[in-house]
Amino acid sequence: MIIILSSAATKENLTHVTQMLQEHGYGVHLSEGVETTIVGAVGVPNDAASKAEVMEQFAALPYVDKVIPVTKPYKVVSKQFHPEPTIINVRGILIGAPGFVVMMAGPCTVETEEQLMASARAVKAAGAHILRGGAYKPSTSPYSFHGHGEPALKMLAQAREELDMPIITEVLDVRDVDLVCSYADILQVGTRNMANFPLLTEIGKTQTPVMLKRGMAATIEEWLQAAEYIASRGNKNVMLCERGIRTFETYTRNTFDVNAVAAVKELSHLPIIADPSHATGRASLVNAVSRAAVAAGADGLIIEVHPNPEKALKDGAQSLLPEAFEKLMRDITPIAQAVGRHL
Ligand code: PEP
Ligand code: MN
């Protein structure tokens, strides 16, 4: 349930509500806006009271405006609980800010220092804000490249220093959360790990911003529940990433679900990033799908860029050459402007 306090409610009133909820066994989350304070109660009553009775008790308090039952299986990430958009500050870059579209770009995988730096310099010169690069690579095939691990994290950190760009990189394994947090500005949770609940729980105990990719066969509701795992543990710096879902189509690697971009905006306050590279699997389609995502309201894009896609160890077919990335930046600028945003 969600309890909306009246604008006259005092700090003592809030403490009282919090204590009452805790006595019933609820977890408490606060959303303090300028005008109103919203109290989110998570869990079920641990005493004899039914949920309806507890709701009535709260509604009886003079400083409570409204008590709303939440029928959705997520609360903390829902728009009901937090009507204002979440804005995540990553080294001064405001992800989710209504007027701004963030661009993350770089290679799929950190291969060598030369390859990483060539890609990083190119995306920086074209105007990207954040550098991507995988150090730990999830793979459907056990025989393909799995990333260089910590040495690759070190190369990313060096690129951050040199180019003054925050870095996003995937954390694959619950045992690596502390290590990856010590390098990354944003953790990425890949599609194959969206439902790795121990990993989500562990990330929820940190305060490192995290981009949670949608499971390739996950519904929007399952994806938001996965985000709830992280946010309800205390890490509210969550952004979502639509990276395409499995359909019967085989021409493209996945199917970009533009519905999901609009639906997330309707259901949640979390920023939504689009990944047209993995959604299409084809470099030739990335530009058009990026424009569609921005037009639909995406708060950012994450794009794979490689100096020599034909030599890439992973995802070469979907990786843009630096020139194509530059063109993409030019092409999305008027689309962003048309929807009241800038890059
Ligand atoms: C990636 O970003 O390179 C990646 C592996 O993405 P996904 O988890 O969406 O497949
Ligand atoms: Mn990739």
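The manganese ion (ligand 2) is held by four named donors: Cys108 (SG), His278 (NE2), Glu304 (OE) and Asp315 (OD), at 2.0 to 2.4 Å. Donors are N, O and S atoms within 2.8 Å of the metal (3.2 Å for Na, K and Ca); water is not among the atoms, so sites may look incomplete. This is a predicted model: local features need pLDDT of at least 70, side-chain atom pairs count only at pLDDT 80 or more, and totals for chains, interfaces and linings use all residues. Residues are numbered from 1 along each chain as its sequence is written, chains are lettered from A and ligands numbered from 1 in the order written, and side-chain values use heavy atoms, leaving out hydrogens and water.

**Metal site**
- Along the chain, the donors of the manganese ion follow the spacing C-x169-H-x25-E-x10-D.
- Cys108 sits in the loop between strand S7 (102-106) and helix H3 (113-126), and Asp315 in the loop between strand S14 (300-304) and helix H11 (322-338), so the pair ties together parts 207 residues apart in sequence.
- Cys108 counts as buried because its relative accessibility is 3%.
- Buried means under 20% relative accessible area, exposed over 50%, partly exposed in between (1.4 Å probe, protein chains only).

**Whole chain**
- The chain has 11 helices and 14 strands.
- These are DSSP runs, numbered from the N terminus: helices are H or I with at least four residues, strands E with at least two.
- Of its 343 residues, 56% count as buried.
- The C-alpha trace spans about 65 × 45 × 45 Å along its principal axes.

**Helix H7**
- Residues 220-232 form H7.
- Its buried residues include Trp223, Leu224 and Ile230.
- Just after H7, Gly234 takes a positive phi of about 125°.

Note on methods: The expected span of a helix is 1.5 Å times one less than its number of residues.
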